[in-house]
Amino acid sequence: MYFHAVTCFIKLLRNKSGLLLLQLPLLTVLLTANATFTKAQQFGGNPPSIKWKQVNTPAAKVIFPAGLDSEGIRVADIVQRMNRAIQPTIGYKQKQISILLQNQTTISNAYVGLAPFRSEFYLTPEQNNFELGSLPWTDQLAIHEFRHVQQYNNFNVGLSHAFRIIFGEGGQALANDAAIPDWFFEGDAVFNETHVSEQGRGRLPYFLNGYRALWAAGKDYSWMKLRNGSYQDFTPDWYPTGYMMVAYGREKYGDDFWRKVTKDAAAYKGLFYPLRKAIKKYSGEDFIKFRTNALGYFRQQFKNDQSNTSFNNSITKHTHFIASQEFPAYVNDHTVIYMKSTYDHIPMFVINNNGQEKKISVRSISLDNYFAYRDGKIVYASYRPDLRWNYRDYSELYLLDVKTGKERRITYRSKYFAPDFSNDGKRLIAVQVGPSGKSELHVLSAFTGKLIAVVPNPENLFFTYPKFYNDEQLISAVRNKEGKMSLAMIAVNTGKVKYLLPYAYQPIGFPVIKKDTVYFSATSGISDRLFAVVPANGKLLALKTDNTSNRYEPAVAENKLAWVQLTAFGYQLNQVDKSTIKWEEVDAGKIPGDLSDFNVSALKRDSSTNLLSSITDKPLTVTKYHKSYHLFNFHSLIPYFNDPNYTFSLTGENVLNTFQSQLSFTYNRNEGYKDIGFNAVYGALFPYLYGGADYTIDRRGLYKGNNIYWNETTVHAGLQFPLSLSSGKQATAIDFGSDINYSSTNFQSPYNTMFKDQHYTYLNNYITFSNRSQQAKKNIYPRLGQTVTLNYKSAISNIDAQQFLVNGTFYFPGLFINHNLVINLAHQQHNKGNVISFSNNLPFSRGYTAENLYDMNKAGVNYHFPITYPDAGIANTVYFLRIRGNMFYDYTHATDFYSNGSQFKGNFRSTGAEVFFDTQWFNELPVTFGIRYSYLIDRDIFDGTGHNRIEIVLPVTLF
């Protein structure tokens, strides 16, 4: 699961100052997904023109766009066969899941999640063959993602099952994620993909690069640091961590070890730290010893790795992350261009002349760091989302002038990857992967981006990193339909292929050509090494080395050879004189050393080993999938207790993610009223259509010393247009819409004889514009950014009521890197004697009690800055990544009118400081909280409790 569906019970309440105040209700609410998972699901992401089909099997319902029948059937076949074979290692429970195949996006990813129970496969493969392997992409996703389906099906036990009974799928998700860490979810799935195939990430040296880099540099980080990451140092993510833990467990304690461990953990046997207790129960090792032995089992295999610190003689054991330098391209022996990225600065192209770096230009938003250089020009692919449909995006080519730093877009609404120049610089070759999934090589004009020719692909190969060998022939690392790889020479006019290497499951990539020789990286045993081949005679050479460190992205000049290697300080560029290196000829013209199991014999010891190769496509029935199917797919009961309101919401979402619905009940303890509500939004059309209704019983008020009671009915409906204007270096969006709201008040007997029933209707019109530059890892906010919101509410019935709000926040660089000056300006005004009491959305001066006054104007100045990066935690519960501060000054001027018609004018000024803690809880959940001190320069006339205020706050995300 490339996105992990972490869910939690947490309630955030927005206060009148625009910040989120931390509440401590009796039971906080459900379903706040982590940031990466939120990006995975896209509401209303597909255009309505897509027609959907399905293949229905007991294990999975595979849903796909018309025309992808073969991919849908293939996924269903794999799932059926694999499901039975691997159940003994995780459990035998089975509930059908819906799997959606998304073919409009250029992103390579997938997820499985509860609430609702579904999976989505994003069908465009990556160009990098080392990172995820070279298996057919739908096969890779099926053998990895369906393991998550089995996990969720079998983790519905004990206390997790009780949570599901009470709170639905969201309750199980909460209980599962609290009991079983993300490293197991992903490590187990990676083990499965490796076990049932002849490849899988568990056999790829690239997959373990991060840990090998740390071990080679002597970096022995704490478990909490490895689990939670760092703003200062490079740390691997939970995928390789989990794989090593799972592989060690199965290797030493049997194939059913984790089935027993996770069953006990999901059931909460032992209640607190259930997974650790289960590991102790079934292995006899406490968790600390277990994880130490697991990582040590793999570390021992890389004892010959050498720390490469030649790029910087000042490197010590305590040096933090420096920078990544990727995809070098020589201008001459003394000058090299590469992509540079740091934790402080966004990725940029730099030119290095004899050790002196000079910035060329910031790179536009991209999915990877690849680029190509020729004769003063750089070409690369930039990511651009569709205007409206979030599942449809593009990979467009940009041409950058190295001398001027100016760039221009040369293809529009394209899906091009890995472009490169012809030898004369007049043409480009690029890989296109369209919605059909077919890989093509396109020859383009390097000046206009116009298509010149499509290279025939009679063998249906998948192309990666193509290069011009000469005017008539291309070189590309290619994958066949089995997922094996070769290096191929391809005729531009006919598509005829000459294979320079025999097909194998060893990944190949990053070819570069110098004169008549092709240099490239390929997997050889436990390492990714550099090789060279001469197409004219087929002679294969390997770079001779005395250690097992991995080498990628070669670059060749007349007298220099360069490559990139992952270190504990980033991807580092290594340059050597050709005269100092040695090449050894490889016998039989074959990459030596098969893929390694890294001494994990458990990968090959049961009947499901290499199951994928035996699966043949069987005919399955394909039928139409109706878009209206199961629209009201209620999956979770969400409690929201924030005294005096106690709410339960039944939440639903259909499988296509085009219709969301919520049925709610609220009890107010103060008044004793009951509210029943229903809200829904439909996102399959160009505008979102939304609406809802609430009926409130027994509202109560005081009149002349006696209680009076009434009922309220509110109905609303509207349109919303969420548009993305992002392109190039900027992320830009505009969101506008309008809704109509009707409210009716009906007094109960006998009060209906004393008071006249009231009703009114008003329009709510809004528009929000946001624009920001890219952010580096340590940037608190973007260096430049703007968000502006306009909101106008106006009655359209026989009453007079209006309210207008404009609110803008503007982000600027501070005095130092990672500092930000943030300015907020706002104005809100309603008409005199408003019959409707509209909500107050002005970000009032901090510390004051805010009221909705006639005319309010606010200016605020903030200065945000990092204080320290502790990289320290407490008892595997909370880990402190960063502590940062903010100094602020707020000024609000308000005007209002008393009941006698006299005017009130007042200033509300405050100043103070905030300290925020960026943390991870339970080694998984990112939470930012803070403390604010406000000094009220003016009297708080609405709550006279002095001039000093201390609050606990949660900061609002920018966009």
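Reader: Which loop holds Pro 644?
Author: This is a predicted model, and the peptide bond from Asp 643 to Pro 644 is cis there, with omega near 15 degrees. Most peptide bonds are trans. As for its place, Pro 644 sits in the loop between strand S34 (634–642) and strand S35 (645–653).

Reader: What is omega for the cis peptide bond that joins Ala 115 and Pro 116?
Author: Pro 116 also lies in a loop, the one between strand S7 (108–113) and strand S8 (118–123). The bond joining Ala 115 to Pro 116 is cis, and its omega is about 0 degrees.

Reader: Is Lys 515 buried or exposed?
Author: Start with the backbone: phi of Lys 515 is near 60 degrees, a positive value in a residue other than glycine. Most residues other than glycine have a negative phi. Lys 515 belongs to the loop between strand S25 (508–514) and strand S26 (517–524). Its relative accessibility is 64%, and since the cut-off is over 50%, Lys 515 counts as exposed.

Reader: How does His 630 count at 45% relative accessibility: buried, partly exposed or exposed?
Author: His 630 is not a glycine, yet it has a positive phi of about 50 degrees. You'll find His 630 in the loop between strand S33 (622–624) and S34. Buried would need under 20% and exposed over 50%, so at 45% His 630 counts as partly exposed.

Reader: Okay, on to Asp 264. Which side chains does a polar contact of 2.9 Å join?
Author: Asp 264 is in helix H11 (residues 257–266), and it is buried, with a relative accessible area of 5%. Leaving out residues up to four places away in sequence, Asp 264 touches Lys 269, Ala 278, Lys 281 and Tyr 282. A polar contact of 3.2 Å links the side chains of Asp 264 and Lys 281. The one at 2.9 Å joins the side chains of Asp 264 and Tyr 282.

Reader: How are the buried residues of helix H12 placed around its axis?
Author: The buried residues of H12 (residues 274–283) are Pro 274, Leu 275, Ala 278, Ile 279 and Ser 283. They cover an arc of only 140 degrees around the axis, so they end up on the same side of H12.

Reader: And what covers the buried residues of H12?
Author: Just past the end of H12, Gly 284 takes a positive phi of about 80 degrees. As for the cover, it includes helix H6 (169–179), helix H7 (182–195), H10, H11 and H13.

Reader: Why is helix H8 largely enclosed by the rest of the structure?
Author: The buried residues of H8 are Asn 209, Gly 210, Tyr 211, Arg 212, Ala 213, Leu 214 and Trp 215. Their cover includes helix H9 (223–228), helix H10 (238–253) and helix H13 (287–299), plus strands S27 (527–534), S29 (552–556) and S30 (560–567). After H8 comes Gly 218, with a positive phi near 70 degrees. H8 (residues 209–216) is largely enclosed because the buried ones are seven of the eight residues.

Notes:
Residues numbered from 1 in each chain as written. Heavy atoms only, no water. Helix = DSSP H or I, 4+ residues; strand = E, 2+ residues; numbered from the N terminus. Buried < 20%, exposed > 50% of the residue type's maximum accessible area, 1.4 Å probe, protein only. Polar contact = N/O pair within 3.5 Å; in protein donor to acceptor, adjacent residues only side chain to side chain. Contact = heavy atoms within 4.5 Å. Arc of directions from axis to C-beta.
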